[in-house]
Amino acid sequence: MKVLVLAVILLFNQESISGMQYANETVVGAYHIFTTRVNWMDAIKRCHSRNMTLISILTERQNNKIIEAIKKAGQGEVGFWTSGNRRNRNGTFHWENGEAFGYTNWEHGTPDNLGLGEECVEIKGYNILKWNDHYCTYNLYYICEINIKESSILTNVFLYLILPCALLAVGYIIFKSIRGNSNLKFERPSFINVIFQYKIFRSLDIF
Ligand SMILES: [Ca+2]
């Protein structure tokens, strides 16, 4: 049971796994930080090719976790692409799933749409780590995130936690009821029964 509980904790506490480093890729919990410079569209495609999505930042808590992950990966002068953009939405910023910006962490004075072409959102480098609108064609680092759907979480909770506990409880109740019932006794196999069963097995050519 302890092993089961530990497995469930590890399954749902992926953010406790920190700092796994590969070539140009640092994994911190659900975030994969890539220090290969690509433009925004390529960042989107590369995350998809790894069954992930370019990060969306919906809350301050999420933003803090991403900043923490960036610091673990090592900070430099290059910024990090997020999925935030205002392409094809009449200038309204939104995330990859189409959700409009709610929480924001813009650098002071931004978004400034410098040169009237900054449609994609980066987390700035130089240890600023605030948001900035930038040219989508610019090559930056990028961060992909693992998407754990709520339905799959509920399925996992059922399969790995609720179902085993329910089976254990049912087994325990049956065991207690059998032990508590004095009329139910397991008979020792008699000598005649053993001979009889042996003959059956012989006739079935098992021995
Ligand atoms: Ca800007």
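Which residue just after helix 3 takes a positive phi? Glycine 74 does, with a phi of about 105°.

## Basis of the model

This is a predicted model, in which local features need pLDDT of at least 70 and side-chain atom pairs count only at pLDDT 80 or more, while totals for chains, interfaces and linings use all residues. Residues are numbered from 1 along each chain as its sequence is written.

## Overall layout

The protein has 5 helices and 8 strands, taken as DSSP runs (H or I of at least four residues for helices, E of at least two for strands) and numbered from the N terminus. Read from the N terminus on, the elements follow the order α-β-β-β-α-β-α-β-β-β-β-α-α.

Of the 207 residues in the protein, 22% are buried; a residue is buried if 20 or more other C-beta atoms lie within 10 Å of its own, exposed if 12 or fewer, and partly exposed in between, with C-beta atoms placed from the backbone. Two residues are in contact if their C-beta atoms, placed from the backbone, lie within 7 Å, and among contacts between residues at least 6 apart in sequence, 66% join residues at least 24 apart.

## Strand 6 and its partners

Strand 6 (residues 118-123) is largely enclosed by the rest of the structure, because 6 of its 6 residues are buried. Two strands pair if DSSP finds at least two bridges between them, and strand 6 pairs with strand 5 (residues 80-85) in the antiparallel sense over 3 bridges, with asparagine 85 standing opposite cysteine 120 of strand 6. Strand 6 is also joined to strand 7 (residues 131-135) by 5 bridges, again in an antiparallel run, and here glutamate 122 stands opposite asparagine 132 of strand 7.

## Helix 2

In helix 2 (residues 40-49), the buried residues are Trp40, Ala43, Ile44 and Cys47. Seen down the helix axis, these buried residues fall within an arc of 100°, so they line one face of helix 2; the arc is that of the directions from the helix axis to the C-beta atoms. Lys45 and Ser49 are exposed on the other side of helix 2, and the cover over its buried residues includes strand 3 (31-38), strand 4 (53-54), strand 5, strand 6 and strand 8 (140-145). Helix 2 is followed by asparagine 51, whose phi is positive, near 60°.

## Helix 3

The 14 residues of helix 3 (residues 60-73) should span 20 Å at 1.5 Å a residue, which agrees with the 20 Å between its end C-alpha atoms; the expected span is 1.5 Å times one less than the number of residues. Asn63, Ile66, Ala69, Ile70 and Ala73 are buried in helix 3, and they fall within an arc of 120° seen down the axis, so they line one face of the helix.

The face of helix 3 turned away from its buried side carries the exposed residues Glu60, Arg61, Asn64 and Lys71. Among the elements that cover the buried residues of helix 3 are strand 2 (25-28), strand 3, strand 5, strand 6 and strand 8.

## The nonpolar core

A nonpolar core is a set of buried Ala, Val, Leu, Ile, Met, Phe, Trp, Tyr and Cys residues joined through C-beta atoms within 7 Å. The largest one has 28 residues, and those with the most contacts inside it are Ile33, Leu54, Phe80, Trp81, Tyr142 and Ile143. At least two residues of this core come from each of strand 2, strand 3, helix 2, helix 3, strand 5, strand 6 and strand 8, and strand 8 supplies the largest share, 5 residues.

Leaving aside its neighbours within four places in sequence, leucine 54 is in contact with residues including Ala43, Ile44, Cys47, Trp81, Tyr142 and Cys144.
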